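Welcome! Take a moment to turn the model around on your screen before reading on. We will start with the spaces inside.

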Amino acid sequence: MATSGEVQVEPAGDKKVGADGTQKSWGLREWGLLVSVCAAFFLDALDNIMVGIAVPPIQADLGMSTAAVQWVVSSYVLGFGGFLLLGGRMADLIGRRRVFLVGVAIFALGSLVGGVTNEGLVVIAARFVMGIGAAFTAPAALSIIITNFPAGPQRNRAVGIYTACGAVGYSTGVIVGGALTEINWRWTFLLPVVVAIAALVGGLTLVPRDNVADRARGSFDVAGAVTVTSGMLLLVYAIVEAPNAGWLSGRTLLVFAAAVALLVAFTVIESRTAQPLLRLGLLRNRSLVGASLVAAAILGTYMSFQFIGGLYLQTLRGWSPMEMALAFLPIGLLIATIAPRSGKLISRFGVQWMIVAGFVAYTASYLLFLRIDESSGYLWVILPSILLIGIAFPFSFPAANVQATANVADEEQGLAAGVLQTGYQVGAAVVLAVVTATMAVDHTGGGEGAKTLDGYHSGLWVLVAISAVTVVLTAIAAVRASARRKASADVSV
């Protein structure tokens with residue numbers, strides 16, 4: 001067992017070790033399981049991007065105000081971020097397969113309702129329900145992979161493939177969403193229903209049932225579930241609303257205070273109950289906490305970069321949504337190429353150094369994108385940043401997933417995945433909110449285009465700062481982990 005904060009990685013290989021010690025190729029069970037859970041992850045990522053593109057026609061068709069229509073996106077984030085810890089713990093308590101199937105069914109139902117309704121409020125409610133479904137599927141899917149593939153190269157390879165599907169969903173969602181919106185915005189809701197049904201059928205037939213002995217024992221912590229879910233809902237709501245209401249407004253401060261009070265109450269409840277929803281000792285796992293902070297930096301900077309890049313290309317440069325989608329397409333192509341091989345890279349270099357390499361690439365990408373001006377060429381100014389993102393994501397994303405779950409017992413894998421996913425979602429919300437606030441600062445001098453460009457540059461500097469700090473901190477952690485391994489090897493000799 002690795003010491004706290006250190007992740008041990010097995011030698012590279014791509015064969016499954018059988019009970020007799022021989023190496024075996026993956027069969028129908030392994031590939032079927034992967035396809036099923038990857039379909040759900042791909043769907044979560046794809047849908048989130050697609051619906052964001054469909055917001056303008058949704059607003060026009062349903063007669064929604066600007067303040068109301070932004071909740072078509074925000075309500076999904078609210079449901080997802082608010083229910084992640086609960087979804088992860090439920091996967092441990094009542095079965096990962098069961099929670100995965102329930103989550104996919106909830107997602108499909110919400111998507112169907114959102115696609116057929118003519119009421120804006122119902123669309124918002126449907127998106128919230130879809131977020132809850134995703135909050136159940138995300139931790140359950142990752143914990144299914146972790147508990148069904150042995151630690152080492154097989155698990156690394158499986159996580160790499162899982163990562164590729166989600167990342168490709170994020171990258172291709174712009175293209176698919178643009179194409180479907182051209183037909184009718186309702187297809188951005190209805191197409192996911194078909195994919196969800198396929199994932200549901202695959203989960204029923206190909207994902208093995210949980211071993212009852214592997215489930216976490218104990219009663220369900222109702223008080224803990226209520227306080228943590230309410231606290232997370234209020235926290236995400238405050239972050240999402242703060243750029244509009246004002247970070248120091250009375251309403252924002254009140255909601256933040258209520259969220260903190262509920263989360264403090266949750267920690268008190270968990271420290272006193274015999275069967276806690278979240279064992280607080282799990283938060284002393286440095287690998288999990290460190291990976292969750294890395295996850296926040298990954299998705300926070302990546303989604304913010306996509307936000308700034310989209311505004312730059314469409315608003316300042318006048319590109320169409322499809323042109324912008326094609327500009328970002330190399331990210332998806334590189335991820336699809338590298339991520340399935342990331343397992344071997346992790347086995348060879350270790351998760352810490354993979355994360356360091358990923359954030360070196362992120363930092364270089366954001367620095368290079370600072371060169372944009374009102375007439376930048378795609379090939380020499382924009383494409384280099386796009387290519388570096390396509391390298392950084394499959395280096396860092398699978399490594400963070402492997403690190404988060406490496407030193408966690410099987411009966412807590414769902415909860416660990418929920419903590420990790422909370423890092424991703426809260427990080428994305430917080431960083432995007434900070435970037436948006438930074439971009440909104442009044443820039444004096446020059447014409448309107450120059451002021452807008454200055455705003456983009458201000459937001460990019462936030463991303464550079466976060467990525468550079470992450471490089472330094474993860475490099476220190478990697479050096480310390482290498483020193484510990486060397487010391488352990490010397491002692492054993």
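## The largest cavity

The largest cavity in this predicted model has a volume of about 120 Å³. Its lining is made up of Phe 41, Asp 44, Ala 45, Asn 48, Tyr 76, Phe 80, Ala 138, Tyr 170, Phe 397, Gln 421, Tyr 424 and Gln 425. H1, H3 and H15 are the elements that contribute two or more residues to this lining, and H1 gives the most, with four.

What classes of residue line the largest cavity? Eight are nonpolar, three are polar and one is charged.

## The second largest cavity

The structure holds four cavities of 30 Å³ or more. The second largest cavity has about 50 Å³ of space, and around it you will find Ala 40, Leu 43, Asp 44, Gly 103, Val 104, Phe 107, Thr 137, Ala 196 and Ala 199. Asp 44 is also listed in the lining of the largest cavity.

At least two lining residues come from each of H1, helix H4 (96–116) and helix H7 (187–206). By class, the lining has six nonpolar residues, two polar ones and one charged one.

## The largest pocket

Now look for the largest pocket, with about 1500 Å³ of space. It is lined by 40 residues, and those closest to its centre are Gly 52, Ile 53, Val 73, Phe 307 and Leu 432. Two or more lining residues come from each of helix H1 (28–62), helix H2 (66–69), helix H3 (71–94), helix H6 (153–183), helix H8 (222–245), helix H10 (286–316), helix H11 (321–338) and helix H15 (413–439).

Which helix supplies the largest share of this lining? That is H10, with eight residues. The pocket lining as a whole has 25 nonpolar, 14 polar and one charged residues.

## A closer look at H1

After H1 comes Gly 63, with a positive phi near 65°.

## The whole protein

Stepping back, the protein has 16 helices and two strands. Of its 493 residues, 55% are buried. Among contacts with a separation of 6 or more, 84% join residues 24 or more positions apart.

Finally, the protein exposes about 19600 Å². Carbon and sulfur atoms supply 67% of that area.

Key
Residues numbered from 1 in each chain as written. Predicted model: local features only at pLDDT ≥ 70, side-chain atom pairs only at ≥ 80, totals over all residues. Heavy atoms only, no water. 1 Å grid on protein atoms, 1.4 Å probe; cavity = no way out; pocket = protein on both sides within 12 Å on 5 of 7 lines; lining within 4 Å. Points joined across faces, edges and corners; volume = space filled by probe spheres on them. Nonpolar A, V, L, I, M, F, W, Y, C, P; charged D, E, K, R; others polar. Buried < 20%, exposed > 50% of the residue type's maximum accessible area, 1.4 Å probe, protein only. Contact = heavy atoms within 4.5 Å. Areas by Shrake-Rupley, 256 points an atom, 1.4 Å probe, with all protein chains shown as cover.
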